[in-house]
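Let us walk slowly through a structure and look at how its parts meet. Please keep the sequence and the 3D view side by side while reading.

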Amino acid sequence: MVKVLFFARLREDLGCAEEDLDLPQGVTTVAALQAHLVSRGGAWKDVLAQGRAVRVAVNQDMAQPGTPVKPGDEVAFFPPVTGG
Amino acid sequence: MPVRVQSQDFDAGAEIARLREGDPKVGAVAAFIGIARDVNDGETVATLALEHYPGMTEKALERIVAEAHARWRLIDVLVIHRVGELRPTDQIVLVAVTSAHRGDAFAACEFIMDYLKTRAPFWKKESTPQGQRWVEARDSDDQAAGRWQGPKADVG
């Protein structure tokens, strides 16, 4: 089980702030988890598809597509940041 | 605690006074205050909602402050960033840096703001006469942060 979080425009477009997800077989990286979410279709595909400006953090550190994801992790998806 | 994320306003004068209170080694204070404007990208902005990622935001800011300490000779740093609903003329962010000499304080203050704008998980949503819209990240902010990378910047 991983905790998946969505922020800002992604949270609104997906209608989801947070969900607990059982990692499917073979999903061990950020890229694989994102592809799994995209495979749900609909808004998931539109919002998270390749080419969209999506940033990912694993356990509150910025992550890359190859960053490992394992049960117990917190994985957050969000748009490029706009603070300050 | 050099980093605070809060909804309430701050008193920059009082914060700076506290930051350098009783420390005779401080010879310079550089501070930046970011303020909400009433226009962005040609639209009138009535309100600004600031969202953040609790936990990661503080961690990211603390990492930026630690990196500033590693690059320059600093005495202390304070970062306050507000979240929630803000209006034009409201203060958004305070970065204050103390050092013995001005060069370190000026550079570190600008570095912290440039990194904050590209690495700390905050998002702005504006209310305009046309409705609400999320503020888009700017390439110019990435370029500003990029100035501090590379071999030259690391010498500082």
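A salt bridge is counted here when a side-chain nitrogen of Lys or Arg lies within 4 Å of a carboxyl oxygen of Asp or Glu. In this model, which is predicted, the side chains of Arg63(B) and Asp61(A) form such a pair, with 3.0 Å from N to O, and because the cut-off is 4 Å, this pair counts as a salt bridge. Across the interface of chain A and chain B, the rule finds 4 salt bridges, while the count of residue pairs in polar contact between the two chains is 15.

Turning to the side of chain A that touches chain B, the elements that give two or more residues to that side are helix 1 (8-14), strand 4 (61-62) and strand 5 (74-78) of chain A. Helix 1 of chain A provides the largest share, with 4 residues. Sorted by class, this side of chain A holds 10 nonpolar, 5 polar and 5 charged residues.

How many residues does the contact take from chain A and from chain B? It takes 20 residues from chain A and 26 residues from chain B. The size of an interface is often given as the accessible area lost when the parts come together. Between chain A and chain B, the buried area is about 1,900 Å², and carbon and sulfur atoms give 55% of it.

Within chain A, strand 1 (residues 2-6) and strand 2 run antiparallel and are joined by 4 bridges, and Val2(A) has Leu21(A) in strand 2 as its bridge partner. Leu21(A) also belongs, with Glu19(A), to the covered face of strand 2 (residues 18-21), whereas Glu18(A) and Asp20(A) make up the uncovered face.

Conventions: Residues numbered from 1 in each chain as written. Chains lettered and ligands numbered in written order. Predicted model: local features only at pLDDT ≥ 70, side-chain atom pairs only at ≥ 80, totals over all residues. Heavy atoms only, no water. Contact = heavy atoms within 4.5 Å. Buried area = accessible area lost by both parts, 1.4 Å probe. Polar contact = N/O pair within 3.5 Å; in protein donor to acceptor, adjacent residues only side chain to side chain. Nonpolar A, V, L, I, M, F, W, Y, C, P; charged D, E, K, R; others polar. Buried < 20%, exposed > 50% of the residue type's maximum accessible area, 1.4 Å probe, protein only. Pairing = 2+ DSSP bridges.
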